[in-house]
Amino acid sequence: MQLVVARIGRAHGIKGEVTVEVRTDEPELRLAPGAVLATDPSSVGPLTIATGRVHSGRLLLRFEGVADRTAAEALRNTLLIAEVDPEEVPEDPEEFYDHQLIDLDVVTRDGTAVGRIAEVSHLPYQDLLIVRRPDGSEVMIPFVTEIVPEIDLEEQRAVIDPPPGLLDESQAEVASSREDS
């Protein structure tokens with residue numbers, strides 16, 4: 001199974017390094033020197049990581065055969081793809097690969113069916129579960145422990161504890177209101 005683990009950003013310096021937007025919870029495993037990664041577009045790769053380092057909070061990689069800024073800039077926006085065994089699971093029991101979550105049934109704590117996870121959206125500050133409801137509509141569920149307290153892969157379900165208004169806008173609670181002066 002193939003997983004996108006990063007997107008190449010702009011060139012850094014003159015020796016072929018690039019910035020990388022990491023899309024994996026295991027960069028030390030997936031983006032280590034010596035790793036051979038497929039690419040999208042495929043004509044660019046495969047790419048073998050020669051070196052990696054963190055600079056000012058950003059991961060910088062250099063690839064074998066990419067020796068200057070021009071070659072590095074040509075890689076910009078390329079997706080890096082790792083081959084992963086579908087049976088492999090993250091080391092942390094509280095982490096999940098997207099393919100483990102897709103198609104899980106979503107139910108509330110009291111067992112009310114909500115729908116099925118159609119997609120996992122990775123945003124800068126949190127992930128969202130995109131749940132397709134039986135009527136075809138979609139609801140976005142923040143993938144945080146307070147709202148999604150349980151993922152049961154054996155039962156193929158995600159249990160949610162939605163705050164008022166998340167599933168039904170008519171039940172939303174107004175936290176504060178302003179009165180016009």
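This is a conversation about a predicted model of a protein and the terms used to describe it.

Biologist: What should I know about the model before reading any values?

Modeller: Because this is a predicted model, local features need pLDDT of at least 70 and side-chain atom pairs count only at pLDDT 80 or more, while totals for chains, interfaces and linings use all residues. Residues are numbered from 1 along each chain as its sequence is written, and side-chain values use heavy atoms, with hydrogens and water left out.

Biologist: Why is Thr78 called buried?

Modeller: Buried means under 20% relative accessible area, exposed over 50% and partly exposed in between, with a 1.4 Å probe and protein chains only; Thr78 has a relative accessible area of 2%, and is therefore buried. Thr78 lies in the loop between α2 (69-73) and β6 (79-83), where helices are DSSP runs of H or I with at least four residues and strands are runs of E with at least two, numbered from the N terminus.

Biologist: What does Thr78 touch?

Modeller: Contact means heavy atoms within 4.5 Å, and, not counting residues up to four places away in sequence, Thr78 touches residues including Ala6, Ile8, Pro41 and Val44.

Biologist: Why is Val5 called buried?

Modeller: The relative accessible area of Val5 is 2%, so Val5 is buried. Val5 has its place in strand β1 (residues 2-12), and among the residues that Val5 touches, leaving out those up to four places away in sequence, are Val22, Leu31, Leu37 and Leu80.

Biologist: How much of the protein is buried?

Modeller: Of the 181 residues in the protein, 35% are buried.
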